[in-house]
Amino acid sequence: MSDKLYIIPNPPTPNKAVEFNPDICIGCNLCVNVCPTDVMMPNPQKGKQPIVVYPEECWYCAGCVEECPYPGAITMLHPTQQRISVNWKRKETGKYFRLGMKNPPPPNTRPPSG
Ligand code: SF4
Ligand code: SF4
């Protein structure tokens, strides 16, 4: 069979599932091989970082990050709505806190407005 097969990125996709650090990544493609949904493809240039082709297929399972032997070479980029656990800020004091922290603040018992 002489037909060529092409993989083309999906330009309208709004998210970026993962990001590579080209200074650390050696293009070993372990992350590509472990991905259950084939989000990435090997870079045609040997030794270069993989190419994210189908970010909309990402499960955010972090298998690629776990598999990478070079810390910092690949980073998850979670969608904004999934990053709300980062920090909450108290209006009164301006103090930041996290849900699930050791001494959590009391629950909000104020009745809903209106
Ligand atoms: S991110 Fe890590 S696992 Fe993936 S190609 Fe680069 S070095 Fe290899
Ligand atoms: S987080 Fe999981 S699904 Fe997404 S690119 Fe990495 S291995 Fe693939």
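User: Which residues have the most contacts inside the largest nonpolar core?

Analyst: This is a predicted model, in which local features need pLDDT of at least 70, side-chain atom pairs count only at pLDDT 80 or more, and totals for chains, interfaces and linings use all residues. Residues are numbered from 1 along each chain as its sequence is written, while chains are lettered from A and ligands numbered from 1 in the order in which they are written. A nonpolar core is a set of buried Ala, Val, Leu, Ile, Met, Phe, Trp, Tyr and Cys residues joined through C-beta atoms within 7 Å, where buried requires 20 or more other C-beta atoms within 10 Å of a residue's own, exposed 12 or fewer, and partly exposed a count in between, with C-beta atoms placed from the backbone. The largest such core has 14 residues, and those with the most contacts inside it are Cys31, Val39, Cys64 and Ile74.

User: With which residues is Val39 in contact, leaving aside its neighbours within four places in sequence?

Analyst: Two residues are in contact if their C-beta atoms, placed from the backbone, lie within 7 Å. On that criterion, the partners of Val39 are Ala17, Val52, Val53, Tyr54, Pro55, Glu57 and Cys58.

User: Which residues come nearest to ligand 1?

Analyst: A residue is near a molecule or strand if its C-beta atom, placed from the backbone, lies within 6 Å of it. The shell around ligand 1 has eleven nonpolar, three polar and one charged residues, with Ala, Val, Leu, Ile, Met, Phe, Trp, Tyr, Cys and Pro counted as nonpolar, Asp, Glu, Lys and Arg as charged, and the others, Gly among them, as polar. Of the 15 residues around ligand 1, those that come nearest are Cys25, Cys28, Cys31, Cys68 and Ile74.

User: How many charged residues does the shell around ligand 2 have?

Analyst: There are 14 residues around ligand 2, and Cys35, Cys58, Cys61, Gly63 and Cys64 come nearest. By class, this shell has twelve nonpolar and two polar residues, and the number of charged residues is none.

User: In what order do the elements of the protein run from the N terminus on?

Analyst: Helices (H or I, at least four residues) and strands (E, at least two) are DSSP runs, numbered from the N terminus. The protein has two helices and six strands, and their order is β-α-β-β-α-β-β-β.

User: Which element of the protein has the lowest mean pLDDT?

Analyst: The predictor's confidence in each residue, pLDDT, runs from 0 to 100; the protein averages 86, and 89% of the residues score at least 70. Where pLDDT is low, the predicted coordinates should not be read in detail. Helix α1 (residues 30-34) has the highest mean, 97, whereas the lowest, 76, belongs to strand β6 (residues 96-97).

User: What separation do the C-alpha atoms of Trp88 and Arg98 have?

Analyst: Trp88 lies in strand β5 (residues 88-89) and is partly exposed, because 13 other C-beta atoms lie within 10 Å. Although Trp88 and Arg98 are ten residues apart along the chain, their C-alpha atoms are separated by 6.0 Å.

User: Is Asp38, with its positive phi, buried or exposed?

Analyst: Asp38 lies in the loop between α1 and β2 (40-41), and its phi is near 55 degrees, a positive value in a residue other than glycine. Because 12 other C-beta atoms lie within 10 Å, Asp38 is exposed.
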